[in-house]
Amino acid sequence: MPLSRTSDRALIFGIAINQVLGWGTLFVPFTLFIEPMERDLGWARASISGALTLGLLLSGLAAVHVGRFVDRNGGRLPLGLGGIAGALVLVAWALVESLWAFYLVWFAMGLVHATALWSPAMAVVVSLAKQPMRVITGITFITGFTATIFIPLAEMLIQSFGWRGALWVLAGIQCCAGLLALWQFQDARPPPPRAGAAPFSLAAALRRPAFWGLALVLSAHSFVGVGLAAHLVPLLRERGLDEVSVLWLAALHGPFQVAARACLFALGPRARIAVVGLICTVLMPLAMVWLALVPSTFGWILIFTMGWAVADGLMSIVRAGAPAEILGREGYGAVTGALAMASAPMRAFAPLVVALAWQWSDSYTPALWMLAVVGLLALLGFVMALLDRGRAAG
């Protein structure tokens, strides 16, 4: 009997490949395009980062509507057609000559992010998987290598074909992600509501302090993660590291993520979302402080890469699993969409704020201290969510 396209194993590999290709073409390489676009088009770094800000803001605003659609109809159309639309947007990016056109491209890219990337993919998993947390952990094993694959690949493409030619190649890769989703989910439908279950109410979920605690966690993590990812390569170059060291430090983020998830997987049911979340939210600000203070040598900065990657890697599991465990699985797509919307401003403005901090001081050091303070907010939010869960259980 052939393996079902929506069995847990098929979900792990299908969603993981879809997301590796999606993040690897639509988001991860952005930091590598900043400097060549500055040189070629004469645009300021803050102006280029502002387009990413617009796209991330639109992505958050559209997330609730996409989540509700996935809850009702499944993920085939968002992940499939959204993925193909992402390829077309990359082609449009390769053709831009003016700043307004670049911002128009990233307006469209924001809608692509909302349909083709993490939140709708996790809604599909929670809806269809027999063991959602095990599937999520399996997916994150594979997606942890996204930067390891696509940062060197995108840099090679830019060096070989220029930034415009690189975008054409990335568009072809991204088209495969959309086609995969259209094939895998052609017969998939979300399960019907349980008999006798009360209708899901998003308004009721929004009234819980746990929701806003999780929103604070995800907002702070998004600000740190997106702001850092958009500027990591220029930040490391500013520290005086050679180009090989810069690319290795950026690319090793993925393997360290996977190692952390492997430890979590090995713990099995002994791993508690509360402990995992606390580890993430403590490591996040500590990693930023470490990078701000240590000498500019490969070995010292490698410790930062490891600490931040562990926090970032485990937070992906918290982001997907904590809403279901703390707020429930009913209406998961709508709830995670609402969380994405709540965190959209922090996520959207992070690259621009970091760019402005760099422009103001001509250094990334003040931005690192800012990111450390934001990381402390994630710890505060997670404690708030755990306390509300405890009260609800009592």
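**Cavity, helices and overall form of a predicted model**

Tutor: Helix H10 (residues 209-238) supplies the largest share of the lining of the largest cavity, nine residues. This is a predicted model, in which local features need pLDDT of at least 70, side-chain atom pairs count only at pLDDT 80 or more, and totals for chains, interfaces and linings use all residues. Residues are numbered from 1 along each chain as its sequence is written, and side-chain values use heavy atoms, with hydrogens and water left out.

Student: What makes a space a cavity, and what makes a residue part of its lining?

Tutor: On a 1 Å grid over the protein atoms alone, a cavity is a set of points where a 1.4 Å probe fits but cannot get out; a lining residue has an atom within 4 Å of a point. The volume of the largest is about 1100 Å³, counted as the space filled by probe spheres set on the points, which are joined across faces, edges and corners. Its lining has 48 residues, and Trp 23, Phe 27, Asp 312, Ser 316 and Arg 347 are the closest to the centre.

Student: What counts as nonpolar, charged or polar in that lining?

Tutor: Ala, Val, Leu, Ile, Met, Phe, Trp, Tyr, Cys and Pro are nonpolar; Asp, Glu, Lys and Arg are charged; the others, Gly among them, are polar. The lining residues divide into 26 nonpolar, 18 polar and four charged.

Student: What makes a stretch a helix, and how many helices does the protein have?

Tutor: A helix is a DSSP run of H or I of at least four residues, and a strand a run of E of at least two, numbered from the N terminus. The protein has 16 helices and zero strands.

Student: Why does the length of H4 (residues 76-94) agree with a helix?

Tutor: The expected span is 1.5 Å times one less than the number of residues. For the 19 residues of H4 that gives 27 Å, and the end C-alpha atoms are 27 Å apart, so the two agree. H5, with 18 residues, reaches 25 Å, close to the expected 26 Å.

Student: Which residues of H5 are called buried?

Tutor: Buried means under 20% relative accessible area (1.4 Å probe, protein chains only), exposed over 50%, and partly exposed in between. In H5 the buried residues include Phe 102, Trp 106, Met 109 and His 113. H1, H2, H3, H4 and H6 are among what covers them. Across the protein, 58% of the 394 residues are buried.

Student: Why does the radius of gyration agree with a compact globule?

Tutor: Taken over C-alpha atoms, the rule is 2.2 Å times the number of residues to the power 0.38. For 394 residues a compact globule would be near 21 Å; the protein has 20 Å, so the value agrees.

Conventions. 1 Å grid on protein atoms, 1.4 Å probe; cavity = no way out; pocket = protein on both sides within 12 Å on 5 of 7 lines; lining within 4 Å. Contact = heavy atoms within 4.5 Å.
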